[in-house]
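Take a look at the model, then work through the points below.

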Amino acid sequence: MITYKDIIKPENLVYRRTPLLTQKTLSFCPGCGHGTVHRLIMEVVEEMNIQQDTIGIAPVGCSVLAYEFMDIDMQQAAHGRATALATALSRLMPNKYVFTYQGDGDLAAIGTAETIHACNRGENFIIIFINNGIYGMTGGQMAPTTIPDMITTTSPYGRDTKIMGNPLKITELVAQLPGTCYVTRQSVHTPNNVRKTKKAIRNAFEYIKQKKGTCFIEVVSNCPSGWRMTPLQANKWMEENMFKHYPLGDLKVPSNENVKQ
Amino acid sequence: MSEVKLMKGNEAFAEALIRAGTDAYFGYPITPQSEVVEYLMSQKPYETTGMVVLQCESEVAAINMCYGGAGAGFKVATSSSSPGISLKQEGISYLAGAELPALILNVARGGPGLGTIQPAQSDYFQATKGGGHGDYRLFVLAPSSVQEMADFVPLAFDVAFKYRNPAMILSDGIIGQMMEKVTLFEPIPRRSLEQIEKECPWATTGKKPNRERNIITSLDLDPISQEKHVMKLKEKYEKMQAELRYEEINTDDAEYLIVAYGSSARICHKVVSIARKQGLKVGLLRPITLFPFPYKRINELANKVKHILVTELSLGQMVEDVKLAVEGKVPVYFYGRTGGAIYTPVEILEYLKTKL
């Protein structure tokens, strides 16, 4: 008879928690995409064996506690300023891998200037942009990326674009800038998408190694708590509504190279 | 071999940055300090010492770049003038909260608002009492010559790294723009990454297998541990009292004491010499550090003089600290010009004579 002892052997191991995630229990809400993206970044850092050379930046928002979970050197930035910190770090230590991990309010509202100018200068670091169309940590207010008619605590009757302006497609914007080398939009709501996002993160780290310029990965994500939905409802709503405004796929890949997806 | 040059205060500061082994400077143009970034770009230190020089998209970005570089243990600096320094205040508060060393130069101008591009000393409160949000202090130096614009750079870095606290050089449009002979100190080489890692074990240069990960943050959501952190900062500011510096001129037999800093001290130096020629026993105390402030020494001098005159190119800011120091022992008078207007030595002396 086969027992569990026969199965739990190193050669049968197909998946394990990367040791680059700390033992601390994730503080994100059930169903939230943050934890998955945290894991993917740390898996890539582990696979490339670059823990010693990687510095992450977590600014204000739900992403602020990333340093609790990632076992790498990290800095916490003021709201919106992650790419300014990253500019200094990557210029002062050009052989290190620097990434920022920012939400939509941070990156596309208060930090718009820093985002655009860092991308335009072609700073050699990675921007990981979690877009869930809402300010999660402060309780579900309208974000720069909130889609039309979407209900938030500060657009309780839905985002009326005549009054509240339009959602900002900042990823399309940075893709036009000469400094960005790789701009892609992904998601982590299905196993297939998780694999694609991981591949995109890996690509970005490889381009940074080759000093190709700014890599920008948007992850369209959910916010079950902020959206007042169950995790499953949130993923379905995201597919049906968010992806229309934020279609998945590569917006820019380094020239003379096809990125394998 | 030391080198003597005729330079503007802003240029002397910039040259001193290169010579002090600064790793990065992040700036943004604003009058009257734009010569700092102009001089650095003309000297191209990125080709010699490897110093990073970047003209940023805003003062906000510049101070946050300082935060990033400082968090990895590098010697970083920024400069601006009053309105730009206001924009940097959030970042300065974060630097203080995260206990990061950095050098900030304010070549102050008249305000409030866009104000004027002419010199003023109306940023004293902002520099010495916090400026940004939260409980914190900066180490503040006030140069009164082009020589000090250069010499205070390595001093400010030393204190900033010793205490892991941002340091500010509070200058103004007079000191920044005027040209004087300056003896430049011998260049200090930039530290290697290995040296930085040794001297700054807290720096985020990448987690080594032999240590825990380093985290640079000012966030602590638990009120009790946040209070503990702020109390630790308080202890640090108390220890920083050891860095007190001031200069006295003719105070031994003074009957009347002037207290002035920076450009005003320079003007008041002249007041003292004119007054002495007229037989008036006037002395001058010049605080060189504005934080820490020479409360004790001013209190001692208050026992010997008939009254104290504070002059500032403002409505009167440091005068409050002088009054605190004097504890009501003698009258404390104030004479100020503001909005970019500057007093002459004779003007101050005439005012002083009305109080005899």
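Thr100(A) has Ile127(A) as its bridge partner in β4(A). This is a predicted model, in which local features need pLDDT of at least 70, side-chain atom pairs count only at pLDDT 80 or more, and totals for chains, interfaces and linings use all residues. Residues are numbered from 1 along each chain as its sequence is written, while chains are lettered from A and ligands numbered from 1 in the order in which they are written.

**Strand β3 of chain A**

- Strands here are DSSP E runs of at least two residues and helices are H or I runs of at least four, numbered from the N terminus.
- β3(A) and strand β4 (residues 126-131) of chain A run parallel, joined by five bridges; strands pair if DSSP finds at least two bridges between them.
- β3(A) also pairs in the parallel sense with strand β1 (residues 54-58) of chain A, over four bridges, and here Ile57(A) stands opposite Thr100(A).
- Because seven of the seven residues of β3 (residues 97-103) of chain A are buried, the strand is largely enclosed by the rest of the structure. Buried means that 20 or more other C-beta atoms, placed from the backbone, lie within 10 Å of the residue's own.

**Domains of chain B**

- The domain assignment, automatic or from a database, gives domain 1 (3-193) and domain 2 (247-353) of chain B.
- Their centres, taken over C-alpha atoms, are 27 Å apart.
- In domain 1 of chain B, 25 residues are in contact with 21 residues of domain 2 of chain B, contact meaning C-beta atoms, placed from the backbone, within 7 Å.

Notes: Contact = placed C-beta atoms within 7 Å. Buried ≥ 20, exposed ≤ 12 C-beta atoms within 10 Å, placed from the backbone.
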